[in-house]
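Visitor: I would like to learn how to read salt bridges and overall fold in a model like this one. Could you walk me through it?

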Amino acid sequence: MRWMLLLAGVALAALAAPLRADPETLALQPQRLAEGVYHVAGRHAVWGPANHGHVANSGFVVGERCIAVIDGGGSPTAGRALLEAVRRTSALPVCYVISTHAHPDHVLGNAAFVDAATQFVGHHRLAAALAARGPFYLNVLRRDFDLADRLDAVVMPTVAVETTRELDLGGRTLELRAWPTAHTDNDLTVLDRRSGTLWLGDLVFIGHLPVLDGRLRGWRAVLDTLRAWQPVRAVPGHGPVIVDWPAGMVPTATYLKQLETEVRGALREGLTLAEAVERLGAAPASRLAGWQLGDDFHRRNLTAAYAELEWSE
């Protein structure tokens, strides 16, 4: 438990920008991926007030009866901008807001969608994760963000996915799957069967360095399962839409394999946590070639991997 609390604190410190900045004007432009399927691109930046927390990908799927939003954004302002983008596309009600996991850049915008007709859907462990971390998220919003981004409470899920679940939007069905602990302990994927679009959350990263907040070996196992799937396209939590599967997941899988190999090597040498992070964290830039935000997250990943693997060598 001590390790979990430590890592959660380090994760939030890494995600949150240290200083208040004048926020950018936020206008979101959905990209149409297929009939009724829209992607809203995030950006490769640290979650914080300068970007209204809008760093992760979001999107929505329009059925004949209603709309499902996938990941409501990283702040109330981001959520409102996403809702405006939805409304420019369709006047149908938003019946579901689906969270792929509990990180703030994916869930804090859900507040913009609170309505009597809207259900909030997530992994069966999402509620516990938000209950534990929500107070820290709210403190960061109060401390660093504008008044418009302050919340009294994090929106909690009203529908829990134990294993798999189907959501009917009218004329199209979304298939949700709750995964064992991987990127987090509450990862959820969303497949739109009609278009073959798979929403991955942060199980796959493109460009943005992967961030470990769950179980390294579990994440690698989940990717091995996903490798055999055959989506038409896949939307990662960060980075451009993947149209070549499974090739698009290879960089994430390769980074995680390298992370495990290097940390296991440090453990076999008998290095302490501090020694391992110092040595491996000072790796040449070529080791993180192709990844952005390595300075923000690689050392944290080393810490998480060491904590998981230290008794396995």
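Guide: Gladly! Keep in mind that this is a predicted model. Let us begin with two charged residues, Arg133 and Asp213, both of which are buried.

Visitor: How do the side chains of Arg133 and Asp213 meet?

Guide: They form a salt bridge, with N and O 2.6 Å apart. To read such a pair, look next at where each partner sits. Arg133 belongs to helix α4 (residues 126-144), while Asp213 is in the loop between β11 (197-205) and α5 (216-227), so the bridge ties together parts that are 80 residues apart in sequence.

Visitor: Which residue meets Glu166 in a salt bridge?

Guide: That is Arg193, at 2.4 Å from N to O. This pair also links distant parts of the chain: Glu166 is in strand β8 (residues 164-168) and Arg193 in the loop between β10 (188-192) and β11, 27 residues apart.

Visitor: Is Arg193 buried, exposed or partly exposed?

Guide: Arg193 counts as partly exposed, because its relative accessibility is 41%, and the middle class runs between 20% and 50%. Arg193 also forms a salt bridge with Glu175, where the closest N and O atoms are 3.1 Å apart. Glu175 lies in strand β9 (residues 173-178) and Arg193 in the loop between β10 and β11, so this pair ties together parts 18 residues apart in sequence. Glu175 has 27% relative accessibility and therefore counts as partly exposed.

Visitor: Which residues are linked in a network of salt bridges?

Guide: Glu35, Arg172, Asp192 and Arg194 are linked in this way. For the protein, the count comes to 13 salt bridges.

Visitor: And how many positive and negative side chains does the protein have?

Guide: There are 30 positive and 33 negative ones, and the centres of the two sets lie 2 Å apart.

Visitor: Now the fold. What does the secondary structure come to?

Guide: It comes to 8 helices and 12 strands. For overall shape, compare the radius of gyration with the value for a compact globule. With 313 residues that value would be near 20 Å, and the protein has 19 Å, which agrees. Along the principal axes, the C-alpha atoms fill a box of roughly 60 × 45 × 35 Å.

Visitor: What share of the residues count as buried?

Guide: Of the 313 residues, 56% do. As for the surface, the accessible area is about 13,100 Å², and 54% of it belongs to carbon and sulfur atoms.

How values were computed:
Residues numbered from 1 in each chain as written. Predicted model: local features only at pLDDT ≥ 70, side-chain atom pairs only at ≥ 80, totals over all residues. Heavy atoms only, no water. Helix = DSSP H or I, 4+ residues; strand = E, 2+ residues; numbered from the N terminus. Rg over C-alpha atoms; globule rule 2.2 N^0.38 Å. Buried < 20%, exposed > 50% of the residue type's maximum accessible area, 1.4 Å probe, protein only. Areas by Shrake-Rupley, 256 points an atom, 1.4 Å probe, with all protein chains shown as cover. Lys, Arg positive; Asp, Glu negative; His and termini not counted. Charge placed at Lys NZ, Arg CZ, Asp CG, Glu CD. Salt bridge = Lys/Arg side-chain N within 4 Å of Asp/Glu carboxyl O.
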